[in-house]
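The sequence and the structure are shown first.

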Number of protein chains: 2
Amino acid sequence: MAEKKHIDYKESNLYCIRHSVAHVMAQAVVEMFPEAKYTIGPPVENGFYYDFELPHPLSPEDLQKIEKRMREIISGKHAFIKKVVPADEARRIFKDQPYKLELLTGLEAGGSDEYGNPLEEKPEISIYTSDNFVDLCRGPHVEHTGKINPEAVKLMNIAGAYWRGDEKNPMLQRIYGTAWETASQLEEYLWKLEEAKKRDHRRIGKELKLFYFSEDIGPGLPLFTPKGEILRYIMESYVREVQTRHGFQHVWTGHMVKEDLYRRSGHYDNYKDSMFPPMVDGNVAYRLKPMNCPSHMTLYNEMGQHSYRELPVRFAEFATLYRYEKTGELSGLTRVRALTQDDCHTFCAEEQIGQEFALDLQVIQEVLGRYQFKDYTVRLSLRGSAGKYVKDDARWSRAEAALRSALDDSGLDYYEAKGEAAFYGPKADFMARDVLGREWQLSTIQVDFIQPARLGCTYIGEDGAEHTPVVLHRAVTGTTERFMAIIIEQFAGAFPVWLAPVQATLIPIADRHLTYAAEVADVLKAGGLRVEIDDRSDRMNAKIRDAQKQKIPYMLVMGDKEIESKQVALRLRNGDNPGPMSVEDFLSRASKEIAEGL
Amino acid sequence: MAEKKHIDYKESNLYCIRHSVAHVMAQAVVEMFPEAKYTIGPPVENGFYYDFELPHPLSPEDLQKIEKRMREIISGKHAFIKKVVPADEARRIFKDQPYKLELLTGLEAGGSDEYGNPLEEKPEISIYTSDNFVDLCRGPHVEHTGKINPEAVKLMNIAGAYWRGDEKNPMLQRIYGTAWETASQLEEYLWKLEEAKKRDHRRIGKELKLFYFSEDIGPGLPLFTPKGEILRYIMESYVREVQTRHGFQHVWTGHMVKEDLYRRSGHYDNYKDSMFPPMVDGNVAYRLKPMNCPSHMTLYNEMGQHSYRELPVRFAEFATLYRYEKTGELSGLTRVRALTQDDCHTFCAEEQIGQEFALDLQVIQEVLGRYQFKDYTVRLSLRGSAGKYVKDDARWSRAEAALRSALDDSGLDYYEAKGEAAFYGPKADFMARDVLGREWQLSTIQVDFIQPARLGCTYIGEDGAEHTPVVLHRAVTGTTERFMAIIIEQFAGAFPVWLAPVQATLIPIADRHLTYAAEVADVLKAGGLRVEIDDRSDRMNAKIRDAQKQKIPYMLVMGDKEIESKQVALRLRNGDNPGPMSVEDFLSRASKEIAEGL
């Protein structure tokens, strides 16, 4: 699989289409507002935007007019013609466009890309002309506007944006649009957008009462309700079970350490800004743990001298780590300050890297499969030619070969990213697509040649000499919090039965059926199910509707008939109505669905 | 049971005996060193001491001589004669004893008890004379030295002690002794002392590799190895299971909050010194949680308006709390800075106090029983006559009556301690004796009339009006860390099978038996057992010895004979040798012992 080419977005046809549609949109806007000053218009994920300085704020009606005019321009099949020009000529062309003149000055000084990042070599100055519109642009574009499918283009919304993202600069108007190759792709994208809104984990989290954030506790520090805690607990218990079965051992190292440890491990210098402020008492400072590795290495050391016969030593821990993310970057459970990693550190000899990496792959595949992630790719980040990497060519080569070979054996889809490795070793990241096709970075495995030596980890080899173990850092679901956000959206809150905080709601039709409901509940609880009784005096249909809203897998209705026949009437959250069955039959049906991960 | 009288140590015969022996010892010391200045000599737990200023440091031989002379004095049947004297006369009697003169000054100024605590009313000045020894003393004493059993007295050791515990004062020599009613009591005490040393959890923790403390992490912050973590995990899973079965719900509230929350809850003022230093960023300060209650109340509030129909709401959490204990007070796992409470807060209506208190009692009884604590007493702390208590007589009376009635129903042994309640409500503490007879305060249940109102917790009552719930604070084992220390000592590391980190060690006699051992291990693991294979090339007897040292309940030896008969040869950690049996028979024996809590 290693030969499979990973296509970069910037080299794709979609990128060209979106870049071209941005020009078409700018032409339509400038035609409508001849005094418009236009700035930059790059493709972005799923679309493009263009920023303008305009005489008045745009209305939704303006967008409609612009979109109409764009279709006319597109139908003209205007060629995109590139011309490399001297700076003087460019200045003449854009003499009425102050933002373009500013960009030109930047280009002459060395240039930057459309996102404002400096370029590696001084660029040529090129313009692209299509129809009556000229833009300062590096391209690439489609051949002519006829290559744009007008049925696959849509303007989305208007937003304010400071010139170059700097609030000291003028506020511009940004028009966002999307463009695809086919109308059905556009339709799917719009459906997914709508669906993503419905599935937003912050919204579902509230509807299902899973977690809350409180001003009194602090930003990014979630509180989990009984239902949210059960979900956390099942998620972590499941990974714990898989890890234990595969020979990982769990340890406990708490939530704080002396700051000095992070100075020795190197994290203080590289990671200080992401740590919570220190707790200082006289000349000792403590820090909340932003990662487990120094603590696991300390425990490894405290346990005494290790022998090669003990290796690999695999320390796993579900530890809540604290990272001081900027408040502006916090977002629901996706980006929090309290994050519980399903972290593992494997101490091994160099020749065990391949075997341990393969074991990690196996655990990750099993877990992601259980959560119904079928579509994922592994990015294998390798050493590049630049010099930031630990200098030990033979060691790097051996490790990279071991990883490659394990990936080949695993049958996983992977691609190599040269130059993307950390300085301390190669790594593999799992990029998984959810049901909406959104890509999430989940699992990670990193080989570490450096930190174990910094913290003095050793083992006595078969040769009787002291060696430094290699450490593999590994996370399966990443963090409980972020992964919970992802699976809430993956399942739209309708968790598989094994994960559902409440698996069955018992619905007695009238108060006289409560005793029977309690008896059934006891049987189901003894059978390992999480059940609750809806003992409110509401009508049956209202109770069913509520349970469906709560995405509870099974509703068991019981009235006189059911009591007489010692049955329960089963309904499902999707509206299906399997009807009456004995409690035992229901229990075996549920147990089967739980075992199958449905 | 409420009528059962709890006998205060200070009112006991043992207290009189020890106090009297202290005088006898002082007489012997003063006879031996006429220049001795004697200070105070109180009874303490299990014995007594007396502090002296002496011309030279005492040797162990001196102790023997003192003990010999004490036996002579005891045999003289000297009466202890009390006399109340004017201060002048006392000053004359103790004119050569500067410490006594200092004590006299204190007595005249209002007095303090033998521990230095101020007395409530100005005391009379009394002296006790026995034989040729006179002491400034409030008594009480035995009638005469003949009431002391010389076979039940022993001097223990010598230690340095500053006068009045203040390091600016002279260093004195303290002689510790012990005294009992009978020789067999003394013998039992000495055995328990010896046994307690052997059972010291710090020692066993190292032998069994359960936990470590590291200078790199910080004092009082334990690291748990895989075996220690398994123990923690089983302990917490067990309590979680009991709590879930009894209708408690688990929540998750992390490890830190904004400091302001503790200002509002009242903890900042009362508890500041026990908190870790703040994490300060600009004008916001965060604190590690030293308790869960404000977080649980915040979650209760965030979940929206509650109705009386939802009550009781029972929030349980195994949260690691951080308390900044003084480094000098830290001791193994008994006193740590990272403590994981099995905490619960029950929000209920006032009329539910009795029922919820009874439920808590039930959970605690079940759990303590499982850990083989049979001998415990409940101290019910009630309001006193003094004014620190919340002023709501009727409410207090109703709550106290509800608690008393629940305790009566429970059949538990309890006694009432008037004036010992917290200002916010009555409470019950479980005082349990371990196998060595040492008393530990374990579980606690506290009624809280105050904090819920401070943090704005409410519910809508049946009357449609807003009410403040009462909160019951409850811990079952207290904290995982301290309780682990206690059970390590309770079981001397030989945990019941259900708790043992490794339940069975498989001992293949030679390398050719390893495959069979691996097969057996798979069967046992599938049966839910925690097993390990001792695959070292050591001799069988050495492996058995090691497993016994590790207090592993079952050793399964397997050689040619066992493979042929598809059996395992069972040995137990106590040396018993049940011999060969089928794997299935062993598994059902183990499962039975686990279920029985053995």
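The text below treats symmetry, interface, sheet, salt bridges and local backbone geometry in turn.

The model is predicted: local features require pLDDT of at least 70 and side-chain atom pairs pLDDT 80 or more, whereas totals for chains, interfaces and linings use all residues. Residues are numbered from 1 along each chain as its sequence is written, chains are lettered from A and ligands numbered from 1 in the order in which they are written, and side-chain values use heavy atoms, with hydrogens and water left out.

**Symmetry.** Two copies of a chain are related by a rotation about an axis and a shift along it. Here, chain A is superposed on chain B by a rotation of 179° with a shift of 0.0 Å along the axis, at an RMSD of 0.3 Å. The two copies are thus related as by a two-fold rotation axis. The superposition is by least squares on the C-alpha atoms of residues with pLDDT of at least 70 in both copies. Met279(A) is the residue of chain A that comes closest to the axis, its C-alpha lying at 2.7 Å. Both copies use the same surface, since 100% of the contact residues of chain A recur in chain B.

**Interface.** Contact (heavy atoms within 4.5 Å) involves 54 residues of chain A and 54 residues of chain B. The buried area, that is, the accessible area (1.4 Å probe) that two parts lose on being put together, summed over both, is about 4700 Å² between chain A and chain B, and carbon and sulfur atoms give 61% of it. Across this interface there are 6 salt bridges, a salt bridge being a side-chain nitrogen of Lys or Arg within 4 Å of a carboxyl oxygen of Asp or Glu. On the side of chain A that touches chain B, helix 7 (residues 226-245) of chain A gives the most, with 7 residues. Helices (H or I, at least four residues) and strands (E, at least two) are DSSP runs, numbered from the N terminus.

**Sheet.** In chain A, 8 strands form an open sheet of mixed pairing, in the order 11-15-16-23-20-19-17-18. Strand 11 (249-250) and strand 18 (414-418) of chain A stand at the edges with a single partner strand each, so one side of each is left without a neighbour in the sheet. Two strands pair if DSSP finds at least two bridges between them. Strand 20 (residues 439-448) and strand 23 (residues 470-479) of chain A run antiparallel and are joined by 5 bridges. Thr444(A) stands opposite Ala475(A) of strand 23.

**Salt bridges.** Over all chains the structure holds 91 salt bridges. Two of them are tabulated here.

| Residue pair | Distance, N to O |
|---|---|
| Lys258(B) and Glu215(A) | 3.2 Å |
| Arg395(A) and Glu350(A) | 3.7 Å |

The second pair links distant parts of the chain, 45 residues apart: Arg395(A) is in helix 12 (residues 393-410) of chain A, and Glu350(A) is in the loop between strand 16 (338-348) and helix 11 (353-370) of chain A.

**Backbone geometry.** The peptide bond from Gly139(A) to Pro140(A) is cis, with omega near -5°. Pro140(A) is placed in the loop between strand 6 (133-136) and strand 7 (153-162) of chain A. In chain B, Gly139(B) and Pro140(B) are joined by a cis peptide bond with omega of about 0°. Lys209(A), although not a glycine, has a positive phi of about 50°; Lys209(A) is in the loop between helix 6 (201-207) and strand 9 (211-212) of chain A.
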